[in-house]
Each structure stands twice: as structure tokens, then as C-alpha cells.
Amino acid sequence: MSNTGGRRKPPTIHDVAREAGVSRGTVSRVLNGGHYVSPSAAEAVNAAIRKTGYVVNRHARSLITGRSDSIGFLLTEPQEKLFEDPNFNVLLRGCTQALAAHDIPLLLMVAGTEDERRRITRYITAGHVDGVLLVSSHSGNPVAQELREAGIPLVQCGKPMAPGSKVSYVAADDRDGARDMVRHLLSLGRRRIGVVTGPLDTPGGVDRLAGYKEVLGEAGVEIDERLIVSGDYSRASGETGAERLLAQAPDMDAVFVASDLMAQGALAALRRAGRRVPEDVAVGGFDDSAAATEAVPALTTIRQPYDRISAEMVRVLLAQIGGEDPAAVILPTDLVRREST
């Protein structure tokens, strides 16, 4: 009986080799990085792949190479942060797009509790992903060091807290961004400048507070501890932080809030207290996320180059998977002026 009416079999590596006029081994070498293959042979193989519609069998290749051909995006924060904080989604989208150019899928993993971190660490070290893009690692969070010690290629978003850490990272220049914002507020004639910091067990929280203090010191403005409160990057903590600042320093005429989402909360607290923005209190944020343009008034803020951060995280991780040493990349920020100052 004829099978012409049945489903056509998918093309195989043998079909590609026949179409390209090369050996099966040459096709295999092209698929696994192109080592020891002449440019003309590689071009012929790639043309044959396009013509035949051949699709790599990732499972079969993983058995040969020992790789999973996938990357993990690990968020070590409570799951609700993924939906509340727009920065995480921007990073996730950017990393997904950067890996798509290499035909590598991204696996999202969220580990907000100690039990979740243990389970996911076991999963990763069992070889289910070839490397990890780690986002939001607080001090005291052992995931980065555990994965590093297990030999898992890893790139962290943001500087490690531990001095001398050998974990690769990509970060915006938090300290310099904070310096730019406080200089801007001073240039407006503001002198009672409050700050709602990020979490002080994160490098971004520490560096943004350091930049604030440095510029005030350089300008000869006395640092008043009543003008410093801490937040956790959530909108609620920005609202609570601004309320505390108004109670402790009612003469505050500006506030630097260390994330746009917190700054939205601070704006709500200022409105409730009858303070006009920017006439009575100028407000500056950090990130240039969607929260900045959605705020009323729109936020003056510090732009983090999230597209470049994502692309660099993927580049550094793939280089590390390929055998290169850990690397550190720090990217510049920009001041974006809007209606809140």
C-alpha cells in the first residue's frame, strides 16, 4: 500500500548532508559550533538546512554534547514582585530576545523562599540548564555562591555584595546615577533633600545612598539623618517612607526616591499631605521604568539601560559557557527630566 497520503517525514541530518554534498560528520560539526569546517562547507550546510527545513533535535544533541541548550532566568524574590515591579519584566523580555537570536530558549524560575531556592538549586545543578541569569540577589542569599561553587555558568544583574566575589555581573552605575539626580535637585535651589533608599542589603540600595551622601557633602550641605529612610523598592514602602520623611522633616523641599515604583507611592503620600509637586517638594526617581511615565506628575528619573543590561548579561553568560573567565560590566545611566522637578 502506498504511503503517499501519509504525513511527510521530517528532514534528517542525512538529508542535509546529501543536499549540501558533504559528509554527515561535517553537518554535525556545523551544528555544534562549526569547528574544523571550511567556510564554503559551512555555507553549503546552512543553505541545505534552510532548503530542507531541518530542525535540530535538541534532545538528541544534548545526549551528545552534555548540554541542555537552554538558559535559566532566576528571580530570587517573592513571586508577586515579578508582576508588581516593571523592571523584572523588562529584563526578562530583553534576555528572551537576546537568546532568541542564538535559538536558545529561556526558562523562568522564581525562588522567593528558602525552600524554593533549595529546590531550584538542585534542579539547576542537575544539568537542566546550561547557565543562569540571576536577578535580585540580596546579601545573605547563598544562591549565587552555591551555583558558582557547583561550576554553573552564572551572570548576576547588579553587583555582588560580597567583596572579592568571582561571580560575573552586569550593572548600571547606581552611585553615579544617584549623584546626577542629587546634583539636579541642588541645581533647582533645593537644600532639604530627603531620600527613600532601596534595600540596604542590596548593592543598588547601598550605592544609591552613597551617591546621595557624596553630592550633599561636596555641596557643603549637612547630612541630616532625619531626611534618610529606607524602602524595599515596593510602591507601599515609598508611600510609607515619604510619610516618615514628612513627619521627621516637615521642611523637606525635595526627595530622591531610589526607584520609580517607590516614587509613585511617595507622590501619593505628598498629595495626601497637601504638598504640591514640584512647587513644594521636587521628586526624583530611579530606573525610568513604566512607573515613571505613568506617575502624575511624570517623574524626573535616572534611566537604567535595560536593553543593554539584558544583552550584556546574555553575551557574558554565553561567553562563560564557551569557556571564558567571569567578567564584570558597569553601564552608564542618564538623567531624564520630566514634570516632577
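Guide: Let us begin with strands. Two strands are said to pair if DSSP finds at least two bridges between them; helices (H or I, at least four residues) and strands (E, at least two) are DSSP runs, numbered from the N terminus. The model is predicted, with local features needing pLDDT of at least 70 and side-chain atom pairs counting only at pLDDT 80 or more, whereas totals for chains, interfaces and linings use all residues. Residues are numbered from 1 along each chain as its sequence is written, and side-chain values use heavy atoms, leaving out hydrogens and water.

Visitor: In which sense do β4 and β5 pair, and over how many bridges?

Guide: Strands of a sheet pair through backbone hydrogen bonds, either parallel or antiparallel. Here β4 and β5 pair in the parallel sense, over three bridges, and Q156 stands opposite Y169 in β5. Strand β5 also pairs with β11 (residues 328–331), again in the parallel sense, over four bridges. On that side, A328 in β11 is the bridge partner of Y169.

Visitor: Are the residues on the faces of β5 buried or exposed?

Guide: In a regular strand the side chains alternate between the two faces of the sheet. A residue is buried under 20% relative accessible area, exposed over 50% and partly exposed in between (1.4 Å probe, protein chains only). In β5, five of its five residues are buried. Both faces are covered: S168, V170 and A172 lie on one side, Y169 and A171 on the other.

Visitor: What is the strand order in the open sheet of four strands?

Guide: The order is β7-β6-β8-β9, with parallel pairing. Its edge strands, each pairing on one side only, are β7 (228–230) and β9 (282–284). On average, neighbouring strands of this sheet are turned by 15° against each other, direction ignored. Within the sheet, β6 (residues 193–197) and β8 (residues 254–257) pair over four bridges, and V196 stands opposite V257 in β8. Helix α11 (residues 235–248) lies across β6, β7 and β8, at about 145° to β6. For such angles, axes are lines fitted to C-alpha atoms, for helices over the stretch in contact, and run from 0 to 180 degrees between N-to-C directions; contact means heavy atoms within 4.5 Å.

Visitor: How many salt bridges does the count come to?

Guide: Side chains of opposite charge can pair when their charged atoms come close. With a salt bridge taken as a side-chain nitrogen of Lys or Arg within 4 Å of a carboxyl oxygen of Asp or Glu, the count comes to 21. One of them joins D207 and K159 (2.9 Å, N to O). D207 lies in helix α10 and K159 in the loop between β4 (154–157) and β5 (168–172), so this pair ties together parts 48 residues apart in sequence. D207 is buried, at 9% relative accessible area, whereas K159 is partly exposed, at 28%.

Visitor: Which residues are linked with D207 in a network of salt bridges?

Guide: The network links K159, R175, R179, D207, E214 and E218. Within it, the side chains of D207 and R175 meet at 3.6 Å, N to O. R175 lies in helix α9 (residues 174–187) and D207 in helix α10, so the pair ties together parts 32 residues apart in sequence. R175 is partly exposed, with a relative accessible area of 33%. Another salt bridge is that of D280 with R276, their closest N and O atoms being 3.0 Å apart. Both partners are partly exposed, D280 at 26% and R276 at 48%.
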